[in-house]
Structure formats: C-alpha cells, structure tokens
Amino acid sequence: MTEKEQTTYSISELAKEFDITTRSIRFYEDQGLLTPQRQGQTRIYSKRDRVRLKLILRGKRLGFSLAETGQLFELYDADKSSVTQLTTMLQLIELKKTELHQQLDDIKVVLMELITVEKRCRDTLTEARTSELKHAESKSSEHNTANK
C-alpha cells in the first residue's frame with residue numbers, strides 16, 4: 001500500500017520508518033505530542049500523528065525541547081492560519097541561534113585553554129626527559145670514572 005493510500009499506521013510501522021524505538025513513540029504520546037486512536041490495546045496512528053512525529057524528530061535535531069515542540073503544536077491547533085505559530089517559531093529560532101553562538105564561543109575558549117595546557121604539558125615533559133637524560137649521563141660518567 002502506498003503512503004497516499006494508507007490513512008493509518010501502526011506503532012511498529014512508524015518506528016521502522018523513522019528508525020526509532022516504539023518506546024520513544026509511546027513517550028511522545030505520554031508527553032501529549034501524539035494522540036493515536038485505540039482499538040483495544042492497539043494504537044492506530046493517523047497521518048497527522050505521522051507528520052507530528054516527523055516534526056518532533058526534526059525539532060530534536062535542531063535543538064528544540066519537547067516542551068517547545070508541544071507549544072508549537074498547541075499554537076498551530078489554536079490558530080490554523082499559523083501566523084502565531086510562525087511568529088513563535090521565529091522567536092524560538094532566534095533564541096536557539098543565540099544559544100548556539102554562545103556555545104560556540106564557549107567551545108572556542110575551552111579549545112584555547114586546552115591548547116595552552118597541552119603546550120605546558122609538552123614543554124614540562126620535554127624538560128623532564130632532558131633532565132632525566134642528563135642525570136643518567138652524569139651517573140654513567142661517574143660510574144666510568146670510578147671504574148678506571
């Protein structure tokens with residue numbers, strides 16, 4: 001059956017399609033992000049659930065929390081014109097960009113600190129080896145003088 005013909009999905013079909021565990025899908029359901037229908041104990045996911053799952057996973061890759069994704073879903077459900085949703089999304093994007101720029105700056109600082117510490121360690125190691133070598137040569141020289 002093609003995707004266009006299929007109107008519902010099982011949890012295992014979605015898990016396989018998106019390469020995630022069924023446990024993850026149930027977690028998103030517990031968080032209120034997915035609302036499958038039920039037939040007894042069987043979950044039946046709609047096209048809407050499938051799209052939402054795709055958006056949840058995309059949001060995670062972009063660094064959005066599940067709460068932020070849920071907020072966007074709520075806004076969309078309340079305002080189908082999506083003006084509010086898009087405005088909120090732009091605000092979240094700006095926040096994420098700011099956070100990522102800060103993380104990038106922090107990473108640069110840590111890298112510089114690591115480079116400095118690495119250089120000190122290498123210099124100290126070189127000095128220690130040189131000192132050990134001189135000490136060993138001195139002992140050898142003393143031993144040779146004593147044996148003559």
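Q: What lies over the face of F73, and at what distance from the ring centre?
A: In this predicted model, R52 is placed over the face of F73, and the distance to the ring centre is 4.3 Å.

Q: And how many aromatic pairs does a search of the whole structure find?
A: Searching the whole structure gives one aromatic pair.

Q: Switching to helix 1, which of its residues are buried?
A: Helix 1 spans residues 11-18, and within that stretch I11, L14, A15 and F18 are buried. They sit on the same side of helix 1, because the arc they cover around the axis is only 100°.

Q: What do those buried residues pack against?
A: The buried residues of helix 1 pack against strand 1 (8-9) and strand 3 (42-46), as well as against helix 2 (22-30) and helix 3 (47-61).

Q: Which residue follows helix 1, and is its phi positive or negative?
A: D19 follows helix 1, and the phi of D19 is positive, near 55°.

Q: Now the largest nonpolar core: how many residues has it, and which have the most contacts inside it?
A: The largest nonpolar core has 14 residues, and those with the most contacts inside it are L14, I25, Y28, L34, Y45, L53 and I56. Helix 1, helix 2 and helix 3 are the elements that each give two or more residues to this core, and the largest share, four residues, comes from helix 1.

Q: What is L53 in contact with, leaving aside neighbours within four places in sequence?
A: With those neighbours set aside, L53 is in contact with L14, F18 and I20, and also with I25, Y28 and L34.

Terms used
Residues are numbered from 1 along each chain as its sequence is written. This is a predicted model: local features need pLDDT of at least 70, side-chain atom pairs count only at pLDDT 80 or more; totals for chains, interfaces and linings use all residues. Side-chain values use heavy atoms; hydrogens and water are left out. Buried means under 20% relative accessible area, exposed over 50%, partly exposed in between (1.4 Å probe, protein chains only). The arc is that of the directions from the helix axis to the C-beta atoms. Contact means heavy atoms within 4.5 Å. A nonpolar core is a set of buried Ala, Val, Leu, Ile, Met, Phe, Trp, Tyr and Cys residues joined through side-chain atoms within 4.5 Å. Rings of Phe, Tyr and Trp (its six-membered ring) pair if their centres lie within 6.5 Å; planes under 30 degrees apart count as stacked, over 60 as edge-to-face and the rest as tilted. A charge sits over a ring if NZ of Lys or CZ of Arg is within 6 Å of the ring centre and within 35 degrees of the ring normal.
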